[in-house]
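User: Hi! I'm new to reading structures with several chains. Could you walk me through how to look at an interface and at a single side chain?

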Number of protein chains: 4
Amino acid sequence: MDYVYGPGRNHLFVPGPVNIPEPVIRAMNRNNEDYRSPAIPALTKTLLEDVKKIFKTTTGTPFIIPTTGTGAWESALTNTLSPGDRIISFLIGQFSLLWIDQQQRLGFNVDVVESDWGQGANLEVMASKLEADTAHTIKAICIVHNETATGVTNNLATVRRILDHYNHPALLLVDGVSSICALDFRMDEWRVDVALTGSQKALSLPTGMGIVCASAKALEATKTAKSVRVFFDWNDYLKFYKMGTYWPYTPSIQLLYGLRAALDLIFEEGLDNVIARHGRLAKATRLAVEAWGLKNCAQKEEWFSDTVTAVIIPPYIDSSEIVKRGWKRYNLSLGLGLNKVAGKVFRIGHLGNVNELQLLGCLAGVEMILKDVGYPVKLGSGVAAACAFLQNSMPMIPSRI
Amino acid sequence: MDYVYGPGRNHLFVPGPVNIPEPVIRAMNRNNEDYRSPAIPALTKTLLEDVKKIFKTTTGTPFIIPTTGTGAWESALTNTLSPGDRIISFLIGQFSLLWIDQQQRLGFNVDVVESDWGQGANLEVMASKLEADTAHTIKAICIVHNETATGVTNNLATVRRILDHYNHPALLLVDGVSSICALDFRMDEWRVDVALTGSQKALSLPTGMGIVCASAKALEATKTAKSVRVFFDWNDYLKFYKMGTYWPYTPSIQLLYGLRAALDLIFEEGLDNVIARHGRLAKATRLAVEAWGLKNCAQKEEWFSDTVTAVIIPPYIDSSEIVKRGWKRYNLSLGLGLNKVAGKVFRIGHLGNVNELQLLGCLAGVEMILKDVGYPVKLGSGVAAACAFLQNSMPMIPSRI
Amino acid sequence: MDYVYGPGRNHLFVPGPVNIPEPVIRAMNRNNEDYRSPAIPALTKTLLEDVKKIFKTTTGTPFIIPTTGTGAWESALTNTLSPGDRIISFLIGQFSLLWIDQQQRLGFNVDVVESDWGQGANLEVMASKLEADTAHTIKAICIVHNETATGVTNNLATVRRILDHYNHPALLLVDGVSSICALDFRMDEWRVDVALTGSQKALSLPTGMGIVCASAKALEATKTAKSVRVFFDWNDYLKFYKMGTYWPYTPSIQLLYGLRAALDLIFEEGLDNVIARHGRLAKATRLAVEAWGLKNCAQKEEWFSDTVTAVIIPPYIDSSEIVKRGWKRYNLSLGLGLNKVAGKVFRIGHLGNVNELQLLGCLAGVEMILKDVGYPVKLGSGVAAACAFLQNSMPMIPSRI
Amino acid sequence: MDYVYGPGRNHLFVPGPVNIPEPVIRAMNRNNEDYRSPAIPALTKTLLEDVKKIFKTTTGTPFIIPTTGTGAWESALTNTLSPGDRIISFLIGQFSLLWIDQQQRLGFNVDVVESDWGQGANLEVMASKLEADTAHTIKAICIVHNETATGVTNNLATVRRILDHYNHPALLLVDGVSSICALDFRMDEWRVDVALTGSQKALSLPTGMGIVCASAKALEATKTAKSVRVFFDWNDYLKFYKMGTYWPYTPSIQLLYGLRAALDLIFEEGLDNVIARHGRLAKATRLAVEAWGLKNCAQKEEWFSDTVTAVIIPPYIDSSEIVKRGWKRYNLSLGLGLNKVAGKVFRIGHLGNVNELQLLGCLAGVEMILKDVGYPVKLGSGVAAACAFLQNSMPMIPSRI
């Protein structure tokens, strides 16, 4: 039963969940298995080893938790912090807002650093807070690498530099939900303490796995962290890691095989090539937006996200009409504007296992929608701008040269 | 990549995860979708309505949470109780033990009522505690309907009768992980306050959904429950139910369509027929066990589980050898003995979408394994006993008459 | 194992095999079944009834043969004709050439009516031959409705008019491989005697079923047709139709369920809407070709095919380079020029379960390829022309209004 | 849509189509592809090379034809023989009968050597005919290696010895539909000229590929063979083999990938282990039949088939009732008696990707059915006999030791 069928493929350009490649769908097309047989630990072992590569860490400890990004957030916070702990958290859009809401409900003393939606994290404010915090009351910096609601990417290297500059011991907790495996992310180099993502984002899997990676320092912090946790307790995992059975409770067999296939595809393409492809698709999208005479919600180039572009539309148009029309007429799924930017932006997700021609089909669709809703776009203009760039910059598909 | 391939079908008789029927595998064989499109709320609405039927409730409120049974437990406890609350919990096997461990780590004052492993919950002790509790300090009774480790089913109707007898207002929280959709379970009639199951059990889906159903009284309790919760907070769901978008965070598209297909199959067969089938398969298994001269871990007939049978083997055999041999020689997956009964029992799961001939193949396999490990079984004896019963009691397949 | 993996979806725009919709892939994702059980005849009965609708016949008799289009051709000829029979056959491209080759090898006396590749069947020559044939030595007219190699559609209504004009009893045998279910085809109205298609074309299934429909007159002809046939003998099918078991030999269980799903999708969209969608996609393609300054291989508008467009490229470019580059750089599969037009045309297949944005992605890709190979295309020009037309002419998706 | 759903797995024990292993179902779960891209010839090349191994030939030339076994028969005959040619053909059951019917309809002069149904080919009669045929008027010996209707296997080594003894040049054409990949078959050693099978038999794929292998002598014979053939003409394939594109018409992409996966599984298990497993399952079946007090349709041990057992039932029972009841009550699919043995035998297919416990479930089911229909079977007796043998003879699963 397909509730609302339309002819041809659905063009899925929300910033998650994203398109699942056929080989991954295939890999998950299977019956359940006994997760206590020797096969599943053997498989899990390879996954835990390989998943570290997408975090660019050799020293971190990964946890594959049967949950969503929201659960992964909760796991990062409760395993490393105690109620009442002071933490710095940046409010720059809907997903950072939701994380802050969670932080507050979990009982932390959240020092919110707010920016306009469309700007990145205000690192100067962070710097001054760190400078003032000679007593080291700040226990953690919580930052969303890529704010999915506004298409804004924060500069984590700078965050690390500032922390180092003040020699501050705060933990660095990073939401990489819409960045890891798509943007340049370097857990070890940036000494990130907890990084996390969700399976349905750049890994191009179904929803169901919150993948979290913890530094040695983060693991150390679990010993004193007094936040109540059971389902999300990393130490339950560590106990089973030691036993070599890996799973404190039943994992999804299908997602494990799916993750294996997804990682295989990423490594076959090459993680750096995957990241470069995301850069290319994002640049093409931004060139189209520019050609349409529209603005990026991200206010400066340094914040432009390579996984999602939030496009500001003129005030006389309701952006939710754009999304509705995409669905109703073009079988195109675009992202809504959320909360503060509801009605004002629509979003093009260009992350995961997607290629240039898929994006160009989407951009052509957006042009027609814009015309439908009364925006005076020159049809073909965005596609032309994107093509001009892509035709110059696309590589051959390595396996086909 | 199949890590450890063997010819033919794997015979999956662990008590979860269980065999997924082909139509459900098919229904899940799909790409991701935008969960904010109109299609997913429309689908979700039918699921929330229909899932209540497997709890036999019309008044309960269901939550489909992207988690496992362990997470569903946590959701039941934290939404209805506050740290320090006194609760009665029955320790009768590994899964009730794990739940108690969770209860203690979540900060409740757990009044543990212990039985021998192989016995059901000691309801007399509960009765005397309730009788003594005129101040109503006991806030909840936590009980596992079916203890998967020992194959023991508790009598929930009696639990309710005792509560009513003492007119005690304690909440009744029931782990129905290995019972709901397989055993006779009546949420409304027994006035269960929270009931829960996991998708990978009798629903015959992959792991990934903790399905929880709350009574009006349980929902009322959320208003005063002070346990810290965010990911598991039912009120986040209720907020989205009101909006008609249903999901506070990204659900698994595949599992939603899978649940639709699973429910369709259950309703096509008829829930009562499904339960009768479980009764039939369990009886056949017990007759085989008897014919082999072995004992059921469940000490009395009143406790015999219709979803899993734990078989006690003579002390000169290590039950884990039986499980190993099933895997290595017969492509048969049996359940290990856990904790106190490790090495002493092996378990046959006979729940979910499985039929008589599948079970008979399993029983024949067990006979050969028993012989392999030195137990003097008469080959064919268990199968003969099971067949004699089944041949008399099996109905025609309704759709094929 | 995917032999030559590229990131993202493959853009499949060859004129067959075409994209299979997800619901059809799902329907075929199954184990084998006993084809002698009651289930398969019940399914087959619905298929035979419903498949007639795509031929627009109520009086024809369909045969679903486990073969390809080539086999379907052979079945049409050998069941209705005898060696030495004089038949008229039109040579207008590679597929009509292959059919003529088969006709000759099967021993018929083929009266070949040749046209330039890019022109339709010369019906004037046919008319004069029919006029001269007062003795009715011409036993059949064999015509390809849509020549896939050149993108030329023949006018079957005119063929019928001419036959009627001369009151000629010749059978009318039509290859509808790349037309049926995509172009306007009316078996009963045009009194076509044998029409045929292949599952991998507009039905959007895998290869494996040659679907043939025979008029009462064609069935009558089988009684005197002396061509040797066993595997392709319709009378073997008819014998089994009478018995209600339908299959003289083992059918593909998967394709039967796939055909059921494919027909369901077509009827849900509405056959006339499916045909209109093909018209729209074809028109958009031709507008793009025109915008690029290129010519359609089909020389006149009356012959333009709505399922495949063969595009003539300048002599200084080898069209096979275009196809190669599509594959190697853009994950785009285009059709080669065949035989006489090898190197001179490339082909865009726009048939089957495909939608507007998929086509626009393809057109954008073709523009970049044209630039790659040195043709001075203005990037975006074709997409713009196509969009201008589509934005005006696309309907809402009916199920989503 | 599953036309006639029953709970649990269908137990598929017809002698074809047989159970498809999960990895093969997965491999076929895919969209179409351009068969003219470089990927498909690369894949095909490995298939043609590897498929020879299941024929045990290094010198033969394989053809993978989109057809069924019936089509494969026709290809074997028409490519090597001319109308009027005298051939010897053995009538020993329904499938040899159907092949003879085809041979006659194709215009050969068939010298039918008939045996009782239940006996093997009468090789003495063949020997005397060959002895008498000093003029070499006999052009071919056509023999079914394994008659699926009666469960009789012919001795091909003896056939070859007799041909050699008389130094007779007749071609040896072998139907290996229910033998190749399951029974000991040695194309090169026995100098078989044409051998053939169908994908839905021991290869455990869906129906759709007739796989034919021709000796050099058979290929030579095509030059003089005057039988009319186009779709089945091997020379069309050979032309495309030379070009390296392999396919004269569109192959099924899904079956190609499926065949790759099927061969991989066979080679992983080891072809000789596969054959040994078939021997083991067949022996277990025969022991059960004996324990039930029933007779094998195959009259002598030398003819016992290791892929299908036809069981004779007492005259007071109609064997079709056994098959019906298997379907209606036990979700068990058994083979009907065909033609001369209709009502008198039912058949258990034990070929393809099936293991011991699956068979034991089937045997238990048969016992219950026998009791249902009034045959005085001792329940458990057949399973006991089978288990006693299997428990002694089954190897460990190599990958799990």
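Analyst: We'll take one interface and then one arginine. This is a predicted model, where local features need pLDDT of at least 70, side-chain atom pairs count only at pLDDT 80 or more, and totals for chains, interfaces and linings use all residues. Residues are numbered from 1 along each chain as written, chains are lettered from A in the order written, and side-chain values use heavy atoms, leaving out hydrogens and water.

User: How many residues of chain B are in contact with chain D?

Analyst: Contact means heavy atoms within 4.5 Å. Here, 53 residues of chain B meet 53 residues of chain D.

User: And what about salt bridges between chain B and chain D?

Analyst: A salt bridge puts a side-chain nitrogen of Lys or Arg within 4 Å of a carboxyl oxygen of Asp or Glu. Across this interface the rule finds zero.

User: Now the arginine: where is A:Arg400 found?

Analyst: Look in the segment after helix 13 (381-393) of chain A; helices are DSSP runs (H or I, at least four residues), numbered from the N terminus.

User: Is A:Arg400 buried or exposed?

Analyst: Buried means under 20% relative accessible area (1.4 Å probe, protein chains only). A:Arg400 is buried yet has no salt bridge; the nearest side chain of opposite charge, D:Glu33, lies 7.1 Å away. Arg counts as positive and Glu as negative.

User: Which residues does A:Arg400 touch?

Analyst: Not counting residues up to four places away in sequence, A:Arg400 touches several in chain C, including C:Tyr5, C:Trp327 and C:Asn331.

Methods:
Helix = DSSP H or I, 4+ residues; strand = E, 2+ residues; numbered from the N terminus. Buried < 20%, exposed > 50% of the residue type's maximum accessible area, 1.4 Å probe, protein only.
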